[in-house]
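Hello, and thanks for passing this one along. Here are a few notes to read beside the model.

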Amino acid sequence: MRIRSWNGWLSLLSVFLLLSLWWLSTALNWVNPLFVPSPQKVWGAFVDICREGYKGSPLASHIGESLKRLALAFFLAIVTAIPLGLASGYSPKVRALIDPLIEFYRPLPPLAYYTLLVLWLGIGDASKIALLFLAAFAPLYIAVVAGVARIPRDRILAARSLGASRGKAFLYVIFPSCLPDIFTGIRTAMGMTYTTLVAAEMVAAVSGMGWMVLDASKFLRSDVIFVGILLMGLIAVLLDLLVRWLAKTQVPWNGKE
Amino acid sequence: MRAIGLTESYDASPSTEDGERLVSIEEVSLVYGRGKKEKEVLRNVSLELREREFVCVLGASGCGKTSLLRLIAGYEQPSSGRVRVLGREKAEPRPEVGVVFQHANLFPWLSIRRNAEFGLRMQGVGRAERRERAEEAVRRVGLGDAEDKLPFELSGGMKQRAAIARTLAASPRIILMDEPFGALDAITRENLQQQLRRLWLASRQAIFFITHDVDEALLLATRVVVLGGSPGSVAVDAPNPLYSEEESTAELRKRQEYGKLREQLVESLKHA
């Protein structure tokens with residue numbers, strides 16, 4: 001316990017050191033304030049944006065727009081990748097059908113196919129959500145397939161010997177067995193979609209955190225860029241904490257079997 | 001099949017010959033793999049299990065005892081010969097044939113009671129009834145206080161008792177047990193043997209029990225089968241002369257003939 005609380009202090013210390021370095025370097029004019037704004041200036045920009053919004057929309061709607069896109073894409077990924085992953089893990093035939101497609105698109109840089117998505121789906125939210133969906137789908141699908149492969153064979157046999165048909169074994173044993181892997185997949189997928197967020201808001205967007213950062217860069221508003229990046233980082237940490245909390249409460253047996 | 005000393009004191013053994021035949025294995029061979037990787041694990045094995053019997057199959061590791069159990073459970077298909085279980089030859093798991101594994105193999109996301117309910121739930125038994133029957137089974141193995149716990153919160157011995165409760169609750173006609181106490185410490189193992197014996201004496205459910213522990217076989221079985229060799233075959237198949245309905249396992253161990261029988265069995269295991 002003592003060691004753990006020590007580690008917490010160490011983490012705080014590193015954050016504190018970085019902030020001090022930032023403050024020092026701006027206060028002592030080590031860097032050009034045009035490129036590295038001072039903490040005070042960033043705070044000021046943050047307060048401004050909170051009060052007046054950025055380019056016509058309040059800050060909350062920028063965050064809301066981004067989160068809405070993320071949430072929709074994520075929802076779509078969860079309802080497709082999990083069943084498909086379970087089916088692929090269960091049946092080699094299904095896997096043979098789906099795997100090559102995923103193995104092909106997964107390593108592609110999202111920006112490369114984003115151009116196509118825009119051509120097909122237009123410049124509205126549909127193409128953005130499709131891009132984020134693709135980013136979330138692959139890691140989630142792969143985690144679920146791996147999860148099915150890891151289920152002890154005897155566990156499925158035990159269920160069958162207790163009277164579960166193949167279909168029921170799928171629903172009542174294979175699915176819950178994969179829950180820990182599903183949560184791991186969700187965390188990875190969350191990271192992937194988040195990194196694609198800025199890319200998704202690059203084309204024809206007028207709102208969103210990613211767009212705000214890109215737009216600010218055009219006007220050399222480094223303070224706004226900082227605000228956007230810090231906000232994205234904080235929200236990412238909060239989202240990850242949320243998923244971890246969900247995993248802890250929903251799959252308390254994880255790692256203790 | 002070699003004759004052994006076990007049959008000398010036949011008089012004390014129960015008469016189960018008249019019980020209905022639940023499992024019959026006739027000249028079964030089992031070969032895994034193909035071509036160069038081919039491995040014959042069982043050769044020409046014939047066995048049967050009747051109602052009210054507690055058959056212990058003894059054998060060193062690698063002699064195919066687990067394969068034999070998997071054949072009866074319907075997890076494997078014999079390469080040749082016939083495996084008939086409750087009048088059917090189709091190799092398919094089913095609720096009439098319960099299985100207790102070496103490692104408890106409980107469903108980690110379900111509480112002990114819900115684990116015990118699983119079989120009944122799969123068979124479509126109503127909520128109230130299955131809850132009652134599951135609670136009854138959990139109580140029978142002495143886990144009443146732990147019924148709401150998740151498996152990872154239990155000790156190894158408790159997990160194994162929960163696994164037995166899960167199988168009992170589904171009320172199978174045959175229970176197959178694959179070295180269920182093999183991974184437990186000596187004291188827990190003895191407790192569980194004692195408890196299983198009591199449970200069996202009360203219900204007389206047919207049990208097919210696999211073990212490598214000679215004492216376990218002598219203390220629990222109505223009939224002892226020694227499997228040996230590679231590929232495995234039946235070396236001994238005889239009623240257990242030590243079988244008794246009254247005595248506790250501790251009293252059985254104190255019986256005069258215990259030592260001698262034990263020695264004979266060890267000997268036959270060595271030469272099997």
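How far apart do the C-alpha centres of domain 1 of chain A and domain 2 of chain A lie?

1. Please keep in mind that this is a predicted model. On the question above, the two C-alpha centres lie 30 Å apart. The domain assignment of chain A places domain 1 at 1-31 and domain 2 at 34-250.

2. The contact between these domains takes seven residues from domain 1 of chain A and four residues from domain 2 of chain A. On the domain 1 side, five of the residues are nonpolar and two are polar, with no charged ones.

3. Next, a helix pair. Helix α3 (residues 59-90) of chain A packs against helix α8 (residues 166-200) of chain A at an angle of about 140°, and their axes are 8 Å apart. An angle over 145 would count as roughly antiparallel; α3(A) and α8(A) are therefore oblique to each other. The crossing of α3(A) past α8(A) is right-handed.

4. Who meets whom here? From α3(A) come residues including Leu70(A), Phe74(A), Ile82(A) and Tyr90(A), while α8(A) brings, among them, Phe170(A), Ile174(A), Cys178(A) and Leu197(A). By class, the residues of this contact are 15 nonpolar, two polar and one charged.

5. Finally, the chain pair. In the contact, 17 residues of chain A face 19 residues of chain B. The elements of chain A that give two or more residues to its side are α7 (153-161) and α8, and α7(A) gives the most, with six residues. That side of chain A has nine nonpolar, two polar and six charged residues.

Notes: Residues are numbered from 1 along each chain as its sequence is written. Chains are lettered from A and ligands numbered from 1 in the order in which they are written. This is a predicted model: local features need pLDDT of at least 70, side-chain atom pairs count only at pLDDT 80 or more; totals for chains, interfaces and linings use all residues. Axes are lines fitted to C-alpha atoms, for helices over the stretch in contact, and angles run from 0 to 180 degrees between N-to-C directions. Helices (H or I, at least four residues) and strands (E, at least two) are DSSP runs, numbered from the N terminus. Angles under 35 degrees count as roughly parallel, over 145 as roughly antiparallel, 65 to 115 as roughly perpendicular and the rest as oblique. A crossing is left-handed if the near helix is turned anticlockwise from the far one by less than a right angle, and right-handed if clockwise. Two residues are in contact if their C-beta atoms, placed from the backbone, lie within 7 Å. Ala, Val, Leu, Ile, Met, Phe, Trp, Tyr, Cys and Pro count as nonpolar, Asp, Glu, Lys and Arg as charged, and the others, Gly among them, as polar. Domain bounds come from an automatic or database domain assignment.
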